[in-house]
Amino acid sequence: MRPFDYQRADGLTHAGQLADADEAAYIAGGTNLLDLMKLQVETPRRLVDINKVGMREIEQTDDGGLRIGALATNTATASHDLVRRNYPVLARAILAGATQQLRNRATTGGNLCQRTRCYYFTNIDQPCNKREPGSGCGAIQGIARLHAILGTSSQCIATYPGDMAVALSALDAKVEIASESGERTVPVRDFHCLPGDTPWRDNVLEAGEIITSVVLPPPVAGRQSYRKVRERSSYAFALVSIASIVEMEGDMIARADLAFGGVAHIPWHDERLSNLLVGQAPDRKLFDKAADLLLEDAQGYGENDFKIPLARRTLHAVLSEATGVDQ
Amino acid sequence: MTETITVNETEYPIPADPRVSLLDFLRQHVGLTGTKKGCDHGQCGACTVLVNGMRINSCLSLAVMHGGDSVTTIEGLGNPENPSALQKAFVEHDGYQCGYCTPGQVCSATAMLQEIDNGWPSDASESLEGEVELTADEIRERMSGNLCRCGAYPNIVAAIRDAAKEDAA
């Protein structure tokens, strides 16, 4: 690990002042950052420890939603009574990721900002436009089993690796962000960035900004689930995952909020799927149409070609289960 | 004011170099080598210790971030003369071969039984809100952060089930 200067913040303003230095990074749980610092993928000159600035509360909002502090651990969130009762898709998504040891440290804000697990990104001997702009993308012609099939660019085909954010996207949660100049709120669905020509940019956070909390809307009716397809049954990243909230009214679909993990540089949300599904009677043909729409621009890169049919089948399985249609 | 970390009820000063991981602090500064370094990247779980009662990977945490915290290592759970119920069960069931992952397995399982008492669900739990039944599937899921390259998993699961039963009795 490269030498760095360690500073502990005692409040949000103090954290901002300490981080106003060249190559400073905030550290919360550290499970991703320290891993990358050991690999010298991340080489901050200063670490600003924000573990003592508060922001750990999980509390109801005035409108009946739920505000989750940026430093609430994944364990605290997944085991919280209101999350388990009203937002099971979120509890399920968190529990499907990592291990108990990691979830005990990992925080809400850090989890949203975690970096890709692309093998080229995490190996400093390999080219990677995300880590070293202009060096090329090793994955496009290389080992790409974990990689994206939607929203890729000629610069980067990495995936966003997390599970929690996929559920937050389906729930249409909001990210609350603070900086010296004020506060702003960004929907989770707009928080992460596609790689485009700026693959080094994972999300919309600007220098000096910090996530303070994530806000869930009031609970909605319907069946929630998180289905994760992976190489082994525990402690593996998603090949394809789907967070879903599906409500039936009689024989018709009344709500279908879906988000997809493991397929793109962002938790993937396609509003057109809801528009297609809602108001329709569920059957296999309808699910096929939804999969056609989701995957119309999908592109495989050899090793990850299998993700296209896998995403189709997983969508079928999720919609069948949620609507009670026999597969 | 010098900040300290409490390890197994004894206080130790925090190292000057902020790069020292909690794991290296325990092994090289405190001299407690029961906690093991496997992958040093949070994948194998050999370095698992309890911090304020919660299990974490000590390799993925900096010692300097733990001022005021209370750390329990395998040495703090028991000793050959007076082993904990889990330590005894691991011996009785041969829950290891080479033994390298064992301190992490035992620390992890110690916290896991507490998590189940707390009613926290896992990915293997049928219901998010019901009582957790300690099935083999539950144990395997909850212990997936601890690898055993000798493959002693069946005996590790048996040891944990046994210790949990004793706990409940």
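Student: How many residues of domain 1 of chain B are in contact with domain 2 of chain B?

Tutor: This is a predicted model, in which local features need pLDDT of at least 70, side-chain atom pairs count only at pLDDT 80 or more, and totals for chains, interfaces and linings use all residues. Residues are numbered from 1 along each chain as its sequence is written, chains are lettered from A and ligands numbered from 1 in the order written, and side-chain values use heavy atoms, leaving out hydrogens and water. Chain B is divided into domain 1 (4–77) and domain 2 (85–168), with bounds from an automatic or database domain assignment. Contact means heavy atoms within 4.5 Å; 17 residues of domain 2 of chain B are touched, and the number in domain 1 of chain B is 17.

Student: What area do domain 1 and domain 2 of chain B bury between them?

Tutor: Buried area is the accessible area (1.4 Å probe) that two parts lose on being put together, summed over both. Carbon and sulfur atoms carry 58% of the area between these domains of chain B, and the total is about 1400 Å².

Student: Which residues of domain 1 of chain B lose the most area to domain 2 of chain B?

Tutor: Three residues together account for 42% of what that side buries. They are Arg55(B), Ile74(B) and Leu77(B).

Student: Which side chain meets that of Arg55(B) in a salt bridge?

Tutor: A salt bridge is a side-chain nitrogen of Lys or Arg within 4 Å of a carboxyl oxygen of Asp or Glu. The count between the two domains of chain B is one salt bridge. At 2.6 Å, N to O, the partner of Arg55(B) is Glu115(B).
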